[in-house]
Amino acid sequence: MALLDAILDASVVFSFDRSGFERHAQRFVAADTRVSMQGKSVLITGANSGLGFATARALAALGATVHLLCRDEGRGRAARDALSKELPSADLHLHQLDVSVLAEVRRFVEGFKGPVDVLVNNAGVLPDTMTRTAEGHELTFATNVLGPFALTTALLPKLLVAKGRVITVASGGLYTQKLSLPILQGAVERFDGVVAYAQTKRAEVILNELWAVKQPDITFSAMHPGWADTPAVQSSLPRFYRLTRSRLRTPDQGADTAVWLAVAPRLAGKSGLFWFDRAPVSTHLARWTKESSEDRERLWRLVEQPVR
Ligand SMILES: NC(=O)c1ccc[n+]([C@@H]2O[C@H](COP(=O)([O-])OP(=O)(O)OC[C@H]3O[C@@H](n4cnc5c(N)ncnc54)[C@H](OP(=O)(O)O)[C@@H]3O)[C@@H](O)[C@H]2O)c1
C-alpha cells in the first residue's frame, strides 16, 4: 500500500488531483479540525473567491472572527453576504485591500485594530502579460510576494502578541523553477506568465523558511492546494482547465490544508515547512532547482527594501 501511494504521489497527476486528496484524506485526523476558533482573529487575503472563500467559510464555521481582505469592494461584499447567509452567526469583517499596492498595505495595517491570530496570504494572480503596478513592480511579483511580505512585516507586532500563525498559499508550480531574481522582477526580454507565477511561488516558499528562522515565536507555514477548480484556473489556464476539469479538487479540498494549518493543535516546532494534504513535503523534486544560500539572502533583501 505504501509503495502504491509512493508511485501515485510520484505521478503528480494522481496526487494533485481529486483522487490524490481522497487518498491522502484517509490518514487525516478528523478531530484536528473539530476545534473552536471562538475569540481568534483571522485575516485572509483574496477571501472573496476560490480557496480564500473556502478558507473563510471553514474558519468562520469554527467560530473565528474572520477579516475578508478583498481588492474589489463589490466582490468582497457579495462574498461576505453569501457567508452571512450560510452562517448567520459568523463574525465577518470586510476590508478593501489591493495587496499588490504597498502603500495600501501600509494604510490597511495602520487602521487595523485588534490582535491577529492567523494571517492567510492567499491572494494570487497569474497574468499572461507583463504589467507594472503604479509603484513600478511587476504585478505577479507585487501580488504574490511583495504585498504579502509587506503585510506580514507590518502585522508582526500583532502576530507576536498572539503567538500567531502565518499561512502562505503557494503552488506545486514551484517545482518547475529555480529561484531567479531577474525573472521575479520582470527583467526579462519575453514575459512568460506561467514561469513568472512559478517563480513567485518558489520565492514564497523560501521566504516562509526564512521567516521561520527570523521570527521563532510565530508559526510560518506554506502549503500547496494541488489542483482545485477555481476562477483562477479557469481564466488563467484555460487549456489546462479543459483537460483536467473532471479531475480537479473542489475549492474546499484545495483549501483543506490551509484551514488545518490555521487550527491544528500540533504545530509546535514545525515552523517553516511546506505542506500538502496535511503532511510536510519536499520543496524540491530535482536538484537543479535548489538555490544558493546567497540567493536566499538576496531575495530577502529584495523584498525587504521597498517595505522599509
Ligand atoms: N486553484 C488551484 O488549483 C491553485 C493551485 C495552486 C495554487 N493556487 C493558489 O491559490 C491562491 C488562491 O487562488 P484561487 O485558485 O482560489 O483563485 P481565485 O478564485 O481567482 O482567487 C484569487 C483571489 O485573489 C484575489 N486577488 C488577486 N489579486 C489581488 C490583489 N492585488 N489584492 C487582493 N486580492 C487579490 C482575487 O480577487 P478578485 O476576485 O478581485 O480577482 C481572488 O479573491 C493563489 O495564491 C493561487 O496561486 C491555486
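In which loop does R278 lie? In this predicted model, R278 is placed in the loop between β7 (273-276) and β8 (279-280). Helices (H or I, at least four residues) and strands (E, at least two) are DSSP runs, numbered from the N terminus. Residues are numbered from 1 along each chain as its sequence is written. Because the model is predicted, local features need pLDDT of at least 70 and side-chain atom pairs count only at pLDDT 80 or more, while totals for chains, interfaces and linings use all residues; side-chain values use heavy atoms, with hydrogens and water left out.

The phi angle of R278 is near 65°, a positive value in a residue other than glycine. R278 counts as buried, at 13% relative accessibility (buried means under 20% relative accessible area, exposed over 50%, and partly exposed in between, with a 1.4 Å probe and protein chains only). A positive phi, near 45°, is also found for K163, a residue other than glycine. K163 is located in the loop between α7 (139-162) and β5 (165-169). With a relative accessibility of 57%, K163 counts as exposed.

Strand β5 contains R165. R165 is buried, its relative accessible area being 17%. The C-alpha atoms of R165 and D117 are separated by 6.2 Å, although the two residues are 48 residues apart along the chain. Leaving aside neighbours within four places in sequence, the residues in contact with R165 (heavy atoms within 4.5 Å) include D117, V118, L119, L159, I218 and W260. L261 is also one of the residues in contact with R165, and the backbone oxygen of L261 lies 2.8 Å from a polar atom of the R165 side chain.

A262 and V263, among the contacts of R165, also take part in the meeting of helix α12 with helix α4. Two packed helices are described by the angle between their axes and the distance between the axes. The axes of α4 (residues 50-61) and α12 (residues 251-263) come within 8 Å and cross at roughly 50° (axes are lines fitted to C-alpha atoms, for helices over the stretch in contact, and angles run from 0 to 180 degrees between N-to-C directions). This makes α4 oblique to α12, where angles under 35 degrees count as roughly parallel, over 145 as roughly antiparallel, 65 to 115 as roughly perpendicular and the rest as oblique. G50, L51, A54, T55, R57, A58 and L59 in α4 meet P251, D252, G254, A255, A258, V259, A262 and V263 in α12.

Technical notes. Polar contact = N/O pair within 3.5 Å; in protein donor to acceptor, adjacent residues only side chain to side chain.
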